[in-house]
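Student: I have a new protein model open on my screen. Could we go through it together, one question at a time?

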Amino acid sequence: MIELVSESRCIQCNLCVKVCPTNVFDKVPDAPPKIARQSDCQTCFMCELYCPVDALYVAPDVEPLTGINEESLAESQLLGSYRKNIGWGKSVTTTAKEDSTYKLLEKMK
């Protein structure tokens, strides 16, 4: 479930608003988007994937968390971690060729 939009990292591009399939966010003039309907979040991670500055945190839990703060998420490197872990992003090097399924398919060619 979406838990945080970082006010210090957000560049107000509103990509998270555009890609959210359940319309969880509201645009706010001259400010980061607001999590307006958290209970509608389906934990699809699309907003976190598309955020170019890692300003979002989506928890894998389906229930809202308590005690979430930007400082602790940044310290533990959780902001944008889903995108990094699956290999999305300009500064990420793909590891697809190391995947066992990829290797198997290559042998089948």
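Predicted model: local features only at pLDDT ≥ 70, side-chain atom pairs only at ≥ 80, totals over all residues.

Student: Then which residue in β3 is the bridge partner of Asp-26?

Tutor: Strand β2 covers residues 25-28 and is joined to β3 by three bridges, the two strands running antiparallel. In one of the pairings between them, Asp-26 has its partner in β3, and that partner is Lys-34.

Student: What is the overall pattern of helices and strands along the sequence?

Tutor: The chain has five helices and four strands. Read along the sequence, they follow the pattern β-α-β-β-α-β-α-α-α.

Student: Is Asp-30 buried or exposed?

Tutor: Asp-30 sits in the loop between β2 and β3. In this hairpin, with two residues between the strands, Asp-30 takes a positive phi near 55 degrees. Its relative accessible area is 75%, and a residue counts as exposed over 50%, so Asp-30 is exposed.

Student: How far is Asp-30 from Leu-4 in space, C-alpha to C-alpha?

Tutor: In sequence, Asp-30 and Leu-4 are 26 residues apart. In space, their C-alpha atoms are separated by 18 Å.

Student: Which elements give two or more residues to the largest nonpolar core?

Tutor: The largest nonpolar core has 16 residues, and those with the most contacts inside it are Ile-2, Cys-16, Val-24, Phe-25, Cys-47 and Leu-56. The elements that supply two or more residues are β1 (2-5), α1 (15-19) and β4 (56-58).

Student: Leaving aside neighbours within four places in sequence, which residues is Leu-56 in contact with?

Tutor: Leu-56 is among the residues with the most contacts inside the largest core. Leaving aside those neighbours, its contacts are Ile-2, Leu-4, Val-5, Cys-16, Phe-25, Cys-47, Glu-48, Cys-51, Leu-79 and Gly-80.

Student: How many residues are in the second core?

Tutor: This core is separate, and its members include Leu-4, Tyr-57, Leu-73 and Leu-79. The count for the second core is five residues.

Student: Are the rings of Phe-45 and Tyr-82 stacked or edge-to-face?

Tutor: There is one aromatic pair to look at. The ring centres of Phe-45 and Tyr-82 are 4.1 Å apart, with the planes at 20 degrees. Planes under 30 degrees apart count as stacked, so the rings of Phe-45 and Tyr-82 are stacked.

Student: Where in the chain is Tyr-82, and how many residues separate it from Phe-45?

Tutor: The pair links distant parts of the chain, with Phe-45 in the loop between β3 (31-35) and α2 (46-50). Phe-45 counts as buried at 13% relative accessibility, while Tyr-82 counts as partly exposed at 28%. Tyr-82 lies in helix α4 (residues 81-86), and the separation is 37 residues.

Student: Which residue forms a salt bridge with Asp-26?

Tutor: The structure holds three salt bridges. In the one with Asp-26, the closest N and O atoms are 2.7 Å apart, and the partner is Arg-37. Arg-37 lies in the loop between β3 and α2 and Asp-26 in strand β2, so the pair ties together parts 11 residues apart in sequence.

Student: Is Arg-83 buried or exposed?

Tutor: Arg-83 meets Asp-54 in a salt bridge, at 2.6 Å from N to O. Asp-54 lies in the loop between α2 and β4 and Arg-83 in helix α4, so this pair ties together parts 29 residues apart in sequence. A residue counts as buried under 20%, so at 12% relative accessibility Arg-83 is buried.

Student: What is the relative accessible area of Lys-109?

Tutor: Lys-109 meets Glu-106 in a salt bridge, at 3.0 Å from N to O. Glu-106 counts as partly exposed at 34% relative accessibility. Lys-109 is exposed, and its relative accessible area is 75%.

Student: How far is the backbone nitrogen of Arg-9 from a polar atom of the side chain of Ser-6?

Tutor: Ser-6 is in the loop between β1 and α1, and at 0% relative accessibility Ser-6 counts as buried. Beyond residues up to four places away in sequence, Ser-6 touches Ala-55 and Glu-70. From its side-chain polar atom to the backbone nitrogen of Arg-9, the distance is 3.1 Å.

Conventions. Residues numbered from 1 in each chain as written. Heavy atoms only, no water. Core = buried A, V, L, I, M, F, W, Y, C linked by side-chain atoms within 4.5 Å. Buried < 20%, exposed > 50% of the residue type's maximum accessible area, 1.4 Å probe, protein only. Contact = heavy atoms within 4.5 Å. Phe/Tyr/Trp six-rings, centres within 6.5 Å; stacked < 30°, edge-to-face > 60°. Pairing = 2+ DSSP bridges. Salt bridge = Lys/Arg side-chain N within 4 Å of Asp/Glu carboxyl O. Polar contact = N/O pair within 3.5 Å; in protein donor to acceptor, adjacent residues only side chain to side chain.
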